Amino acid sequence: MNEASDIIATTAINRLKARYFRYMDTKDWRAWRDQFTDDAVLIIDHAVSVEGADARTDPPITGGDAIVAHVRSIIGSASTVHHGHMAEIDILSNVTARGVWAMEDIVEWPDGRQIHGYGHYHEGYRLVSTSWKIARLQLTRLRIDFSGPWQEDPRRV
Amino acid sequence: MNEASDIIATTAINRLKARYFRYMDTKDWRAWRDQFTDDAVLIIDHAVSVEGADARTDPPITGGDAIVAHVRSIIGSASTVHHGHMAEIDILSNVTARGVWAMEDIVEWPDGRQIHGYGHYHEGYRLVSTSWKIARLQLTRLRIDFSGPWQEDPRRV
Amino acid sequence: MNEASDIIATTAINRLKARYFRYMDTKDWRAWRDQFTDDAVLIIDHAVSVEGADARTDPPITGGDAIVAHVRSIIGSASTVHHGHMAEIDILSNVTARGVWAMEDIVEWPDGRQIHGYGHYHEGYRLVSTSWKIARLQLTRLRIDFSGPWQEDPRRV
């Protein structure tokens, strides 16, 4: 490990996250699957709370296949935009790393319900053969704006 | 070509694209022109379609001078914000490269018509003397939101 | 100074700015303070003007402690999102650098007043011991959208 190898690994993880976003928003689910390890874990915090006092977290989804099936079931029919910013990536070893990303997303379902959210991804990465993959992804939220025909208080959905 | 020279070229192309955005939004059209090769090609896909089934593409604009004249005629009087994210840049040779960027833009014309769009730039770059320049720019869209006094369906404008 | 050391310094300054955003939006004011030099200067241009003809600039705030107190007094009770994009960073010496960032921010106060702004940070950095810090931050605006119960024309607030 040295500064040069760290920069090369960091560059590769930036590319990994770019593919994560691009394949998700263009609905290339097969390619999206390849960005995760087989044993990846996804954790989504729904509540909007800086201190976390009223945070509500869904049960973790475990396994790359299960993550794709779960996310596709939620946003597969929706128009989506996901952007990442301001990566903070730490290379922990030759094969492990972690990172934090600021994020923004827009999801609009066919019935007109829409969310516009902001938050952070807290992620773990692992080198599998020669490719960095996402091994853990936890999404925390700073803010979610809801619009459209929600049937109940969307902050509880 | 090696990893170090790739990182240096990638850094230069990131700077190029940053200048592209900044000079466009601050209306420094002379400086904006310098970011393109003389024979650059601009292609804008207007339709919002992931699969491209109903995509509509304007005729390409060819030549750096023609690109500046065309874009300035459309947004020269507007308030604009253009942001880029999550670059995926491939250095193809000592003098050629390509890249994909996620993007978001806001354009508001003096009469109050406004678009808020999202998509990707698909670009080609060429090293001209010692400066990387944009040789090809194709914009595809994930989503465009329209607001304000549009006279006809803006999705056809 | 050489290209490798420039890339390492640039990477460190990118991380610095990522912490600036993350600690601000998660309200970790003590950690946020550490991102500034003791003698840092903050300048905020309120007016929205590309040419600057009608720009209005607040008096500069001088000193890291004063900057934290000032910003906290304005947005401490608000829900905020701040994102940065498209850094242009110049390493000027072993201990000094400057940068420009495109930015977007959302600030919503408890009474429902909200701004959604866009612009650029123009910054100076200094290496203090082994950490890069923000020594100067000037925010210029491309656009601010106001919503909610503003009592007077918010463009004059």
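## Where chain A meets chain B

Let's start at an interface: between chain A and chain B there are 3 salt bridges, a salt bridge being a side-chain nitrogen of Lys or Arg within 4 Å of a carboxyl oxygen of Asp or Glu. One of them joins Arg15(A) to Asp90(B), with the closest N and O atoms 3.1 Å apart. This is a predicted model, in which local features need pLDDT of at least 70, side-chain atom pairs count only at pLDDT 80 or more, and totals for chains, interfaces and linings use all residues. Residues are numbered from 1 along each chain as its sequence is written, chains are lettered from A and ligands numbered from 1 in the order in which they are written, and side-chain values use heavy atoms, leaving out hydrogens and water.

Chain A brings 24 residues to this contact and chain B brings 17, where contact means heavy atoms within 4.5 Å. Together the two chains bury about 1,700 Å², with 60% of it on carbon and sulfur atoms; buried area is the accessible area (1.4 Å probe) that two parts lose on being put together, summed over both. On the chain A side, Arg15(A), Arg22(A) and His83(A) lose the most area to chain B, together 33% of what that side buries.

## Where chain C meets chain A

Moving on to chain C, 24 of its residues are in contact with 17 residues of chain A. About 1,700 Å² is buried between them, and carbon and sulfur atoms give 60% of that area. Arg15(C), Arg22(C) and His83(C) are the residues of chain C that lose the most area to chain A, together 32% of what that side buries.

The interface of chain C and chain A has 3 salt bridges. In one, the side chains of Arg22(C) and Glu88(A) meet at 2.6 Å, N to O. The side of chain C that touches chain A draws at least two residues from each of α1 (3–25), β3 (79–91), β4 (96–108) and β5 (114–128) of chain C, and α1(C) supplies the largest share, 10 residues. These elements are DSSP runs numbered from the N terminus: helices are H or I with at least four residues, and strands are E with at least two.

## How the copies are related

A rotation of 120° with 0.0 Å of shift along its axis places chain C on chain A, at an RMSD of 0.0 Å. That is the relation of a three-fold axis. The superposition is by least squares on the C-alpha atoms of residues with pLDDT of at least 70 in both copies. Within chain C, His85(C) comes closest to the rotation axis, at 4.0 Å (C-alpha).

Do the copies meet through alike or different surfaces? Only 12% of the interface residues of chain C are also interface residues in chain A, so the copies meet through different surfaces.

## A strand pair and a buried valine

In chain B, strand β3 (residues 79–91) is mostly covered, with 10 of its 13 residues buried. Buried means under 20% relative accessible area, exposed over 50% and partly exposed in between (1.4 Å probe, protein chains only). A hairpin of 4 residues links β3(B) to β4(B), and the two strands run antiparallel, joined by 11 bridges. Strands pair if DSSP finds at least two bridges between them. Val81(B) has Ile106(B) as its bridge partner in β4(B).

Over in chain C, Val68(C) lies in helix α3 (residues 64–75). Val68(C) is buried, with a relative accessible area of 10%. Residues up to four places away in sequence aside, Val68(C) touches Trp29(C), Trp32(C) and Arg33(C).
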